[in-house]
Amino acid sequence: MLTFAEEILILLLGDRDGELFTRVPGDNLSCALAGAVLLDLSFAGRIDTDPERLMVIDPTSTGNVILDGTLARLAARDPQVNTRTWIGDLSVDDAAGIRESVLQSLVARDVLAPREGRFRWTDLFSRPPGGGSEAEREVKKRIRDVLFSDDIPDPRDIALVGLTDACGLIDYVLPNEDMNRYRPRLDQLHGLDLIARELAELIAGIEHHVTNIRVR
């Protein structure tokens, strides 16, 4: 199973040569990667959250180097720190390292192959024209299935959609859809996942701050 951070980078990678999708602001990507790691730790049963704090409930190793590094950092800090603060701190301090580690993990999984300082999809030359990579198609299908159905989705899919929307990827995943039609569904899903909701609010705050600086 792919981690949330791996799925986010799969959505951000271009179809041809593995170049990161540059239209996504760097702060959004950093926050998304930080939120992705926290979501993976939550689903692994290592942390729990409420509106006031993020708590380590099991400090034992997950076996994943990226997750375990973050878990150790969480365990060493005051347990009263809330989720939004942790997302902000990790996005500043750890996002670049998370990104590089995730890219290497995708290479190890044979999803990507290194090429002249960048990466390319391993199935680049075998997929149908314009069909996208198999991994990318699968992640996008899960997002579409959640948005275009009234069924209660799998918790992991709720979290994936929240992350994708929070970092501004929904229009990229569904470029030909009227997202105003599905905004109520997105809002409904945000209410079901605390980390994704905190992530969306943090990114909105960053964008508001940057806008104010530009206006001045």
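Is Lys 140 buried or exposed? In this predicted model, where local features need pLDDT of at least 70, side-chain atom pairs count only at pLDDT 80 or more, and totals for chains, interfaces and linings use all residues, Lys 140 turns out buried, with a relative accessible area of 16% (buried is under 20%, exposed over 50%, partly exposed in between, using a 1.4 Å probe and protein chains only). Residues are numbered from 1 along each chain as its sequence is written, and side-chain values use heavy atoms, leaving out hydrogens and water.

Lys 140 pairs up with Glu 136 in a salt bridge, with 3.2 Å between the closest N and O atoms (a side-chain nitrogen of Lys or Arg within 4 Å of a carboxyl oxygen of Asp or Glu). Glu 136 is buried too, at 1% relative accessibility.

Asp 157 and Arg 142 make another salt bridge, at 2.7 Å. This one ties together distant parts of the chain, Asp 157 in helix 7 (residues 155-166) and Arg 142 in helix 6, 15 residues apart. Shared partners bring Glu 7 into one network with Arg 142 and Asp 157. Asp 157 is buried at 17%, and Arg 142 is buried at 16%.

As for Glu 100, its salt bridge goes to Arg 99, at 2.1 Å. Glu 100 is partly exposed at 36%, and Arg 99 is partly exposed at 24%. Across the whole structure, the search finds eleven salt bridges.

Methods. Helices (H or I, at least four residues) and strands (E, at least two) are DSSP runs, numbered from the N terminus.
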